[in-house]
Amino acid sequence: MRSRGPRLLRWLLWLTCLLVACYGLWLLARTGSQDSYDRPIWTLLAADAAMGLVLFVSPDCLDPRRFPSRLSAAVVPAGSALLIQLLVGFLLFPATLVEGQDPDRSWYGVVALLVLALGLGAFLLAVLVFALVIGPIGTIAVRSRAAVRGQPDARYAVLLSAMLLLIVTLAVCLVTIDPVGGRSGLVTRGVLLLLGVSEPAEGRYAVAWVGRAALAALVAVGVLNVRARRRLKATGVDPDAPPT
């Protein structure tokens with residue numbers, strides 16, 4: 001009975017996000033060619049992003065080792081929601097008809113693009129932001145005291161979360177450190193800049209130093225994480241298994 005309440009709430013929120021997404025499609029169908037499409041598109045994207053958080057977030061999902069199981073559990077309801085949005089969008093075609101004008105059959109392609117590309121992208125972006133940023137920060141905040149006291153599982157979870165945050169920081173620095181010259185060799189140039197082999201573009205010196213600090217911290221945390229993993233495994237606990 002205790003678990004039925006959160007499950008019911010999750011499904012109610014899922015239904016709410018689905019209805020808001022369908023409302024965004026209805027707004028898009030009612031928008032004339034001379035009007036702005038920003039409101040319906042952002043409504044749809046916000047609803048799909050919120051759905052990603054609704055399906056992924058749970059009280060026990062902060063630990064990074066739970067991310068694969070949480071993502072697997074969200075696949076079916078997320079896929080069902082996208083198919084329902086696609087069907088509703090197709091059924092809204094009569095709402096796009098204007099008296100005296102020929103039917104615009106491109107509506108079906110627009111709906112497919114919005115739902116299967118932008119909607120799915122918003123869903124995955126929300127999940128990734130939580131899995132790679134919010135979740136690790138929550139794990140560090142909740143379990144750092146236990147890690148300091150020497151609890152093996154908590155220490156491994158905190159170090160694993162710190163590694164994820166440092167990898168995200170390093171990736172952001174690699175993308176923003178030297179945008180000149182297009183994307184060709186972006187990672188190679190970024191690594192050379194972080195290592196100090198070449199100078200960053202004007203105004204990117206702070207980003208370079210943040211990236212260098214993140215790279216140094218990542219190496220140190222990686223070494224500590226390997227040691228914590230060995231200690232946790234020595235206690236008879238599978239380090240890759242989600243905590244009970």
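Here are some friendly questions and answers about the predicted model above.

Me: What should I know before reading the values?
Reply: Residues are numbered from 1 along each chain as its sequence is written, and side-chain values use heavy atoms, with hydrogens and water left out. This is a predicted model, where local features need pLDDT of at least 70, side-chain atom pairs count only at pLDDT 80 or more, and totals for chains, interfaces and linings use all residues.

Me: Which residues does Ala81 touch, not counting residues up to four places away in sequence?
Reply: Contact means heavy atoms within 4.5 Å. With those sequence neighbours left out, Ala81 touches Trp14, Leu18 and Met51.

Me: How many Å separate the C-alpha atoms of Ala95 and Ala29?
Reply: Ala95 lies in the loop between α3 (67-91) and α4, and it counts as partly exposed because its relative accessibility is 22%. Leaving out residues up to four places away in sequence, Ala95 touches Ala29 and Arg30. Ala95 and Ala29 are 66 residues apart along the chain, yet their C-alpha atoms are separated by 5.8 Å.

Me: Which residues are linked in a network of salt bridges?
Reply: A salt bridge is a side-chain nitrogen of Lys or Arg within 4 Å of a carboxyl oxygen of Asp or Glu, and by this rule the count comes to 2. Asp153 pairs with Arg65, the closest N and O atoms being 3.1 Å apart, and Asp153 also meets Arg143 at 2.9 Å, N to O. Asp153 and Arg65 are buried, and Arg143 is buried too. The network is made of Arg65, Arg143 and Asp153.

Me: Are the planes of Phe93 and Tyr108 stacked or edge-to-face, and at what angle?
Reply: Rings of Phe, Tyr and Trp (its six-membered ring) pair if their centres lie within 6.5 Å; planes under 30 degrees apart count as stacked, over 60 as edge-to-face and the rest as tilted. Phe93 sits in the loop between α3 and α4 and Tyr108 in helix α4, 15 residues apart. Phe93 counts as buried because its relative accessibility is 8%, while Tyr108, at 30%, counts as partly exposed. Their ring centres are 5.1 Å apart, so with planes at 25° the pair is stacked.

Me: Which residues form one aromatic cluster?
Reply: The structure holds 6 aromatic pairs. One aromatic cluster is formed by Phe56, Phe67 and Phe130.

Notes. Helix = DSSP H or I, 4+ residues; strand = E, 2+ residues; numbered from the N terminus. Buried < 20%, exposed > 50% of the residue type's maximum accessible area, 1.4 Å probe, protein only.
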